[in-house]
Amino acid sequence: MIKPRLIKIAVSTGGLFTLLAFSGTALATAQDITMSPTTVSQVIQPGTTVDGNFLVIDQGKSAYNFQVYATPYHVIGEDYTPDFTILPNAPKVVSWFKFSTAGESISPGQTKSVGYSITMPKNTTPGGYYAVAFAETKFPQSGNSITLNERVGEVFYIEAAGPVVKKGQLLTWSVPFFQKPPLTSTMRVEDSGGINFPTTINVKVEDAFGQAKYTLATVKQILPQTIRRIIVPWALTPSLGLFKVTGTVSFLSTRTTLPTRWVLVMSPTVQLAFGLIALLIILIFVFGEWRKMRAKRQIKQETPRHPDQPKVP
Amino acid sequence: MLKSFRVVTGALVALVFIFGSAAVASAATANTTISSQINAVISLLSTNGTVNVNVTPTSGGVQTIASDTATVSTNDVDGYTLQLGENTGASTMVSGSNTIPASAGSVVSPVAMAVDTWGFRVDGLAGSGFGAGPTSPQSSAAISALKFAAVPASGSPVTLADTSAVATNATTTVYYGVAADTSQPSGTYTNVVTYTATTNP
């Protein structure tokens, strides 16, 4: 009598342990790496060193090893796709960095402070220099698998102190009249100088009665010798409406008022509905004309010929 | 008369003193500004540290598809960019001297997986040729018509997500596939890829 009970308990306990072990394994493999801050701006006098630190945090449920290193930072295209490769003939900013550690292990809930020092060479030309400090998980490789490493970065905007050309312009401000949701406006800002500058953008969308429907205030960095396309979508654009778009763009002590643009928004569904209504109106008109013509023909056919009227050969 | 004058003057001086003090007291109040800087953070989590794509091949070839979900959170108001690339220069899966080459497809022009290749896909990735999917994980099943691409080199990673606002647990699911027939030597094949998350300028 006891044996089956014991077996039942053993089986159920074993099952529970198996489940826990399985869950544990699944959770133990996840790696959650967090970094703070995400950007830092430093003005450095050539020939001097600046120190700082960032935090690496394990918000997950498993311990892991991470490594720390720096890469160059630049952007590709007007959409500003980040790129971390070394460009030929570019200053080797990465060599300016020294970290307090090359890598460490971190436990769940733990925060590690990583110190860095940036030593700028004496003969550095004044201007902007850019790099990223990465913290990257190092997961051990296992059989028949694709190992997934994760890295998060802190972007460094470094200014070599000294006289530098600061120059930029608003190239285009585009808001097509006929749009489907979301209502989108696009501007392109160029930095033709030697250092990045922040651009403050304010965009306002009003309905035909002057009621504000959407406002955006944002600051975007423009990197030197690049053009940045900034797209401002109004995510909650209604399916139909006439809207007025206004705004301002400010950078390098200049404030530009954007020309007012009117936009007619029509979703594909509304367009289809209007198309069907137009088609229906045309069909009703054609049908009406056809009925009129048929009625005329009938009248003609039913009118009796006058006896004196000569026969048509 | 002089006494009355003194009393009145004293009273006035007392009044001025009292109200003056009150006025001074009220002028001495000050506002205290409470400031707090919330530092920007960015975090990246993948479902698994590894994706197992084991295959039991057949002569005609079969395919295993497994998924991984990259989750990004940031309080940076400019949003984030998530990219995927090879960890090293090698795009092949390696087992000793044997390899499984990467898919011949690219992100823009992915292809249905050929036998003895591996690759990745992301359903509905903007600017890609992957298509909407949906992709379902499978194990050693018939090779699907879904299109896969080689994981790009570390120097030219593919952008999986690009946002312009604060993000909380924003997920991107990446599917990895391996197709093999019996001509592929048995072994433990591995490759390392890297997800990169940075905040936007």
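In chain B, 79% of the contacts between residues at least 6 apart in sequence join residues at least 24 apart. That is a friendly place to start with this two-chain structure, which is a predicted model. Chain A is divided into domain 1 (7–160) and domain 2 (168–266), and 47 residues of chain A are in contact with 43 residues of chain B.

**Chain B as a whole**

- Chain B has one helix and 13 strands.
- Of the 201 residues in chain B, 42% are buried.

**Where the two domains of chain A meet**

- With domain 1 spanning 7–160 and domain 2 spanning 168–266 of chain A, the contact draws on 11 residues from domain 1 and 12 residues from domain 2.
- The two domains of chain A bury about 1000 Å² between them, and carbon and sulfur atoms give 54% of that area.
- On the domain 1 side, A:Glu78, A:Tyr80 and A:Tyr130 lose the most area to domain 2 of chain A, and together they account for 60% of what that side buries.
- Three salt bridges are counted between domain 1 and domain 2 of chain A.
- A:Glu78 also has a salt bridge to show: its side chain meets that of A:Arg229 at 3.4 Å, N to O.
- Seven residue pairs are in polar contact between domain 1 and domain 2 of chain A, counting pairs with both residues at pLDDT 80 or more.
- Strand E10 (127–138) and strand E11 (145–160) of chain A each supply at least two residues of the domain 1 side that touches domain 2.
- The largest share of that domain 1 side, three residues, comes from E10(A).
- By class, the residues on the side of domain 1 of chain A that touches domain 2 divide into five nonpolar, three polar and three charged.

- The size of an interface is often given as the accessible area lost when the parts come together.
- For chain A and chain B, the area buried between them is about 3500 Å², with 51% of it on carbon and sulfur atoms.
- The contact takes in 47 residues of chain A and 43 residues of chain B.
- One salt bridge is counted between chain A and chain B.
- The side chains of A:Lys220 and B:Asp78 meet in a salt bridge, at 3.4 Å from N to O.
- There are 20 residue pairs in polar contact between chain A and chain B, with both residues of each pair at pLDDT 80 or more.
- On chain A, helix H1 (2–29), strand E1 (31–36), strand E6 (81–83), E10, E11 and strand E16 (212–222) each supply at least two residues of the side that touches chain B.
- E11(A) gives the most to that side of chain A, with 11 residues.
- The side of chain A that touches chain B has 19 nonpolar, 19 polar and nine charged residues.

**Cis peptide bonds worth a look**

- In chain A, the peptide bond from A:Pro181 to A:Pro182 is cis, with omega near 0 degrees.
- You will find A:Pro182 in the loop between strand E13 (178–179) and strand E14 (183–191) of chain A.
- In chain B, the peptide bond from B:Gly133 to B:Pro134 is cis, with omega near 0 degrees.
- B:Pro134 sits in the loop between strand E8 (117–121) and strand E9 (138–141) of chain B.

- A:Leu252 is a residue other than glycine with a positive phi, near 45 degrees.
- Look for A:Leu252 in the loop between strand E18 (240–251) and strand E19 (254–266) of chain A.
- A:Leu252 counts as partly exposed because its relative accessibility is 29%, between the cut-offs of 20% and 50%.
- B:Asp116, also a residue other than glycine, has a positive phi near 60 degrees.
- B:Asp116 lies in the loop between strand E7 (111–112) and E8 of chain B.
- B:Asp116 counts as buried because its relative accessibility is 14%, under the 20% cut-off.

Note on methods
Residues numbered from 1 in each chain as written. Chains lettered and ligands numbered in written order. Predicted model: local features only at pLDDT ≥ 70, side-chain atom pairs only at ≥ 80, totals over all residues. Heavy atoms only, no water. Domains from an automatic or database assignment. Contact = heavy atoms within 4.5 Å. Buried area = accessible area lost by both parts, 1.4 Å probe. Salt bridge = Lys/Arg side-chain N within 4 Å of Asp/Glu carboxyl O. Polar contact = N/O pair within 3.5 Å; in protein donor to acceptor, adjacent residues only side chain to side chain. Helix = DSSP H or I, 4+ residues; strand = E, 2+ residues; numbered from the N terminus. Nonpolar A, V, L, I, M, F, W, Y, C, P; charged D, E, K, R; others polar. Buried < 20%, exposed > 50% of the residue type's maximum accessible area, 1.4 Å probe, protein only.
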